[in-house]
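Welcome! Take a moment to look over the molecule below, and then we will walk through a few of its contacts together.

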Amino acid sequence: MVPAVGRRLDARYAPTYICIMMQQSVFQTLADPTRLRIVEALAAGEQAVGDLVRAVDIDQSGVSRHLRILGEAGFVVMRPDGARRLYSLRPEPFHAIDDWVRSYRRLWEGRLDRFDAALARRGSARQSEGEK
């Protein structure tokens, strides 16, 4: 339930609302194709901006803008190395995504297992009727 603008959020729904908004923010951050390419490039390990510019084939200012957004969302961390700025992925947001997906995986696996069992019962019933 998303509260209407100008109305107070019922305290019972606040944790759920905050969790939903955080998940939307996480997925919106990763939904951008350029940011996703940067994340994929960083999966190989720490890289300088220049390396990322070559990897994602956009100009330096664009890469820097996307790195700032990824950093604000908690996906990347910057480490200064002299004049260079080295970027790497932070594992925590990816663990949070994995936990969230895992909760739905359990839900759907249970439902699909029950569906499979129902189909098997239905197939067995039809087979029994065909033998008569």
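Asp99 is partly exposed, with a relative accessible area of 44%. In this predicted model, the side chain of Asp99 meets that of Arg102 in a salt bridge, with 2.9 Å from N to O. Let's start with this pair and then move on to other salt bridges and a pair of helices.

- Which helix holds both Asp99 and Arg102, and how far apart are they in it? They sit 3 residues apart in helix H5, which covers residues 91–131, so about one helical turn separates them.
- Arg102 has a relative accessible area of 32%, so Arg102 counts as partly exposed; the limits for that class are 20% and 50%.
- The pair also belongs to a network of salt bridges, which links Asp98, Asp99 and Arg102.
- As a general idea to keep in mind, side chains of opposite charge can pair when their charged atoms come close.

**Other salt bridges**

- How many salt bridges does the structure hold? There are 7 salt bridges.
- One of them joins Arg84 to Asp81, and the closest N and O atoms of this pair are 3.3 Å apart.
- Arg84 has 43% relative accessibility and therefore counts as partly exposed.
- Glu92 forms a salt bridge with Arg90, where the closest N and O atoms are 3.2 Å apart.
- For Glu92, the relative accessibility is 43%, which means that Glu92 counts as partly exposed.
- Arg90 comes out at 30% relative accessibility, so Arg90 is counted as partly exposed.

**Helices H3 and H4**

- Two packed helices are described by the angle between their axes and the distance between the axes.
- Here, helix H3 spans residues 49–56 and helix H4 spans residues 60–72; their axes come within 9 Å and cross at roughly 105 degrees.
- Why are H3 and H4 called roughly perpendicular to each other? Their axes cross at roughly 105 degrees, and angles of 65 to 115 degrees count as roughly perpendicular, so the two helices fall in that class.
- On the H3 side, the contact is made by Val49, Leu52, Val53 and Val56.
- On the H4 side, Gln60, Val63, Ser64 and Leu67 make the contact.
- Sorted by class, the contact of H3 with H4 has 6 nonpolar residues, 2 polar residues and no charged ones.

Methods: Residues are numbered from 1 along each chain as its sequence is written. This is a predicted model: local features need pLDDT of at least 70, side-chain atom pairs count only at pLDDT 80 or more; totals for chains, interfaces and linings use all residues. Side-chain values use heavy atoms; hydrogens and water are left out. Axes are lines fitted to C-alpha atoms, for helices over the stretch in contact, and angles run from 0 to 180 degrees between N-to-C directions. Helices (H or I, at least four residues) and strands (E, at least two) are DSSP runs, numbered from the N terminus. Angles under 35 degrees count as roughly parallel, over 145 as roughly antiparallel, 65 to 115 as roughly perpendicular and the rest as oblique. Contact means heavy atoms within 4.5 Å. Ala, Val, Leu, Ile, Met, Phe, Trp, Tyr, Cys and Pro count as nonpolar, Asp, Glu, Lys and Arg as charged, and the others, Gly among them, as polar. A salt bridge is a side-chain nitrogen of Lys or Arg within 4 Å of a carboxyl oxygen of Asp or Glu. Buried means under 20% relative accessible area, exposed over 50%, partly exposed in between (1.4 Å probe, protein chains only).
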